[in-house]
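Could you walk me through how to read a few features of a protein model? I would like the general idea each time, and then the case at hand.

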Amino acid sequence: MAIYHLFALSVIALASLVQPAPPAFPPSSPVPLSRPAQPMPPENFSRTGLYKTKNVVLVMCDGLRWQEVFSGADAKLITKEQGVTDVPGTTAAYMRDTPEARREVLLPFIWGTAAKQGVLYGNRTKGSLSSVVNQYRVSYPGYTETLCGFPGKNIKDNRKIENPDVTVFEYLHGQPGFAGKVAAFTTWDVFSFIFNTQRCGFPVFSGVGPIAFGTTNDAMRLWDVARAETPCPWSGSCYDSASFRPALEWIKLNTPRLVFLGLGETDEFAHEGKYRMYLDSAHKFDAYVKDLWTTLQAMEQYKDTTTLILTCDHGRGGGTGLGAQLNQWRDHNDKTVGAEETWIIVLGPDTPALGERIEGPAVTNSQIAATIATLLGTDYNKSQPRAGPPLAEAMKPLAR
Ligand SMILES: [Zn+2]
């Protein structure tokens, strides 16, 4: 994500000199959730009823490698050179004898629950391939591919350009039953452009400023204050907690049907070469997903009618492969070997418990948009022929 890393030091210096302005408190009474959606022809909703899914939450963990998702922490990267100051402590926390034990200690919800009830793509050591199809292998191209279902023609890097393409979130927001029921919470200000808030019609929190849409509560307002008062080491980003915690409150209060959550610490710490911090953020991502899933399953609106999709926007260098340089795990771009490699996890009432796929279909991030739309009862590929097909194996239609 961080195109801005070169400037991080000067940002830290600036942040310590400039006191942020006190936050403007959002009103406590409900404010309109959305502008009227762009008029879009209603899609064929004859598919409604084909799936149990009524709600979808897509969580993307920026630049988290499939290597850690499927094999846990890498012993070769637990060194002072890779930014681990406490090698014995990190070894005790994350190293185990087998890849299975290491991934369970790093990502206990994913391996304890999602792997038992859902499907996981991307373990290349077992022949399961998941990739982005865009050639740039950086964040904006990866997000727009995932959210629209195809690579953006002119989206080549992380520049703040209003997305000319319509995301599946915007598309669904224009469909019956979704107005005011779509929201995005992220840690990165480029997301305003990725979703195109000039046009999309639903609220997008991009990590800066107060959350001033929908019904809010005191807990959310305290997070607004904390974000404004906490210097952030990355330009245009906040810490994951400062977006996820208020997002969870907001979901409980506003019960959206389609939610995007974007977490960024894994990418930031990887670019900085801080492997322990990267692992800790991955572990926290897993804990957030557990919190989210537990919360949703305890609410009538969501229980057994919600599909959760987890993925990343790009891979990173292999790090320990034959001939690879150890430092390559930090990087990702069009020249980094392995930066196209991703992982996708689907969990929900329509997803068979296939667990970790061994071989199986090669999948791409460009299939996620149509998967979301199909689960929610629309034929996305009809209006977006460029979009990848849905992940057919990950959703089993009800017998009729
Ligand atoms: Zn990055």
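Q: What should I know before I start reading?
A: This is a predicted model, in which local features need pLDDT of at least 70 and side-chain atom pairs count only at pLDDT 80 or more, while totals for chains, interfaces and linings use all residues. Residues are numbered from 1 along each chain as its sequence is written.

Q: How many helices and strands does the chain have?
A: Helices (H or I, at least four residues) and strands (E, at least two) are DSSP runs, numbered from the N terminus. Here the secondary structure amounts to 14 helices and ten strands.

Q: What share of the residues is buried?
A: A residue is buried if 20 or more other C-beta atoms lie within 10 Å of its own, exposed if 12 or fewer, and partly exposed in between, with C-beta atoms placed from the backbone. In this chain of 400 residues, 52% are buried. For contacts, the C-beta atoms of two residues, placed from the backbone, must lie within 7 Å. Of the contacts with a separation of 6 or more, 72% are between residues 24 or more positions apart.

Q: In what order do the strands of the sheet come?
A: Two strands pair if DSSP finds at least two bridges between them. Eight strands make an open sheet with mixed pairing, in the order β5-β4-β6-β1-β7-β8-β2-β9. At the edges stand β5 (204–205) and β9 (355–356), each with a single partner strand, so one side of each has no neighbour in the sheet.

Q: Which way do the pairs run, parallel or antiparallel?
A: β1 and β7 run parallel and are joined by six bridges, with I309 in β7 as the bridge partner of L58. β1 also pairs with β6 in the parallel sense, again over six bridges, and there V57 has V259 as its bridge partner. Strand β2 (residues 119–121) and strand β8 (residues 344–347), however, pair in the antiparallel sense over three bridges, with Y121 opposite I344.

Q: Which way do the side chains of β1 point?
A: In a regular strand the side chains alternate between the two faces of the sheet. From β1, N55, V57, V59 and C61 point one way, and V56, L58 and M60 the other way. Seven of the seven residues of β1 are buried, so the strand is largely enclosed by the rest of the structure.

Q: How do I read the packing of α5 and α12?
A: Two packed helices are described by the angle between their axes and the distance between the axes. Axes are lines fitted to C-alpha atoms, for helices over the stretch in contact, and angles run from 0 to 180 degrees between N-to-C directions. The axes of α5 (residues 108–117) and α12 (residues 275–297) come within 8 Å and cross at roughly 40 degrees. The two helices are therefore oblique to each other; angles under 35 degrees count as roughly parallel, over 145 as roughly antiparallel, 65 to 115 as roughly perpendicular and the rest as oblique. P108, F109 and I110 of α5 meet D286, V289 and K290 of α12.

Q: What covers the buried residues of α6?
A: Ten of the ten residues of α6 are buried, so this helix is largely enclosed by the rest of the structure. Its cover includes β1, α7 (168–173), α8 (191–194), β7 and α13.

Q: Which residues have the most contacts inside the largest nonpolar core?
A: A nonpolar core is a set of buried Ala, Val, Leu, Ile, Met, Phe, Trp, Tyr and Cys residues joined through C-beta atoms within 7 Å. The largest one has 104 residues, and V168, F169, A369 and I372 have the most contacts inside it. Helix α12 gives the most to this core, with ten residues. Leaving aside neighbours within four places in sequence, I372 is in contact with V56, L58, V168 and I309.

Q: What is phi of R137 and of T255?
A: Most residues other than glycine have a negative phi, and most peptide bonds are trans. Phi of R137 is positive, near 60 degrees, and T255 has a positive phi of about 40 degrees. R137 lies in the loop between β3 (130–131) and α6 (139–148), and T255 in the loop between α10 (241–254) and β6 (258–263). R137 counts as buried, with 25 C-beta neighbours inside 10 Å, whereas T255 is partly exposed, with 17.
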